[in-house]
Amino acid sequence: CALSLLSFLLKKPVSFCETGFFLYSVPPMTMSLSKIPVYIDRCDSYELNILQPLIQKQLDGLQVPVQLFSKKVLLKPNLISASAPSLACTSPAFVAAVAACFLERGATVFIGDSPAFGSGRQVLEKQGFVKALSGLDIHYLEFKTKVRKTLDCGFQVSVAAEALECDYFVNLPRIKAHEQMGVTMALKNVFGIIPGARKAMLHMRHGNGHRDFAELILDLHKLLPATIGLIDGVQVMTRRGPVKGKLLNLGCVAGSENFVALDRAMLEVLELSKEKIPIAIAAQKQNLPGAFINDIVFPRVSPGCFAGSGFTIPSNLSPVRFQILQFIRSSLRRIFT
């Protein structure tokens, strides 16, 4: 009753958060049919009995069919390397919860990625994924078949055919501050469809500037089949990244079928200016659906419920292009790995 009265007096919808009352503008459902839904929920635990029902509700909200028999679902976590700190990768417990949701719907579930160093199978073993996924009928998919694609920006790139040959590409990034891109989430995680050493080559060949590299990433995501993004924001990497940041308990899980909208919504959650994030700037330049906050509706929790989280990013971004010694060192590390 109090919320209804306050809404009437202020002529704005009102949501109740654990931190108190928070005002936000959400158009009536009759006016929001063209808006892109981003489902945000509070979640402070990686326990399966907590995560799984929450993710199922998000999938229901996104109108993912409850019966996915004969459908091939590819889970794409962020598997940066076997030697990286665990916080640099998507949480194995988060991936296990998502996998259980899709298995419950009858899907054939695969997991795959092309890490920065080593093989995906090595990273799954070293980072605890094999243990977390034990007992679940999940198939490992190695990103090894290269297919040449021409992006909208005119660049030609080799991508993993395995990433494109699925019914649902389920993107499972972990929120991380990033020295080159400010913050990395759903869109940057798509860079993992570039096999192995070709990532470093793209940094060298197309790393003229942050916005050029951001446009390349945006064009990569346009190659994908039907997509679902589920962001691991329970525990995130703040301050620096992608491997040297600090742990922050954000307590957030978010989902959408539109990666641009998902990342844009999370900038609101993290209280980051879009002007500091090259991918957000490039998305608005291309006028992509979801690039503007007015494109988005929040059917569940409002971004303002996470105000004051303390998430920070580097004040100055590092160059996208690797220095020649850095490139050589990276190449040698791949060989020995």
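Which residues of the largest nonpolar core touch the most other members?

Modeller: Keep in mind that this is a predicted model. In the largest nonpolar core, which has 64 residues, the ones that touch the most other members are Ile-175, Val-183, Leu-220 and Phe-311. The biggest contribution to this core comes from helix H10 (residues 259-270), which supplies nine residues. Apart from this core there's another one, with 43 residues, including Leu-59, Val-95, Tyr-168 and Val-253.

Let's zoom in on Val-183. If you skip its neighbours within four places in sequence, Val-183 is in contact with Ile-175 and Phe-311, and also with Lys-176, Ala-177, His-178, Leu-267, Leu-270, Leu-272, Ile-277 and Ile-313.

Now for some helix packing. Helix H9 (residues 210-221) packs with helix H11 (residues 278-285) at an angle of about 70°, and their axes are 8 Å apart. That angle falls within 65 to 115 degrees, so H9 and H11 count as roughly perpendicular to each other. Their crossing is right-handed. On the H9 side, the contact is made by His-210, Arg-211, Ala-214, Glu-215, Ile-217 and Leu-218, while H11 brings Pro-278, Ile-279, Ile-281, Ala-282, Ala-283 and Lys-285.

And in case you're wondering about cysteines, the structure holds zero disulfides. Take Cys-43: its sulfur is 9.2 Å from the closest cysteine sulfur, that of Cys-252, so the two are too far apart for a bond. Cys-43 counts as buried, because its relative accessibility is 3%. Cys-166 counts as buried too, at 10% relative accessibility.

How values were computed:
Residues numbered from 1 in each chain as written. Predicted model: local features only at pLDDT ≥ 70, side-chain atom pairs only at ≥ 80, totals over all residues. Heavy atoms only, no water. Disulfide = S-S within 2.5 Å. Buried < 20%, exposed > 50% of the residue type's maximum accessible area, 1.4 Å probe, protein only. Core = buried A, V, L, I, M, F, W, Y, C linked by side-chain atoms within 4.5 Å. Helix = DSSP H or I, 4+ residues; strand = E, 2+ residues; numbered from the N terminus. Contact = heavy atoms within 4.5 Å. Axes fitted to C-alpha atoms, helices over the stretch in contact; angles between N-to-C directions. Parallel < 35°, antiparallel > 145°, perpendicular 65-115°, else oblique. Left-handed = near helix turned anticlockwise from the far one by under 90°.
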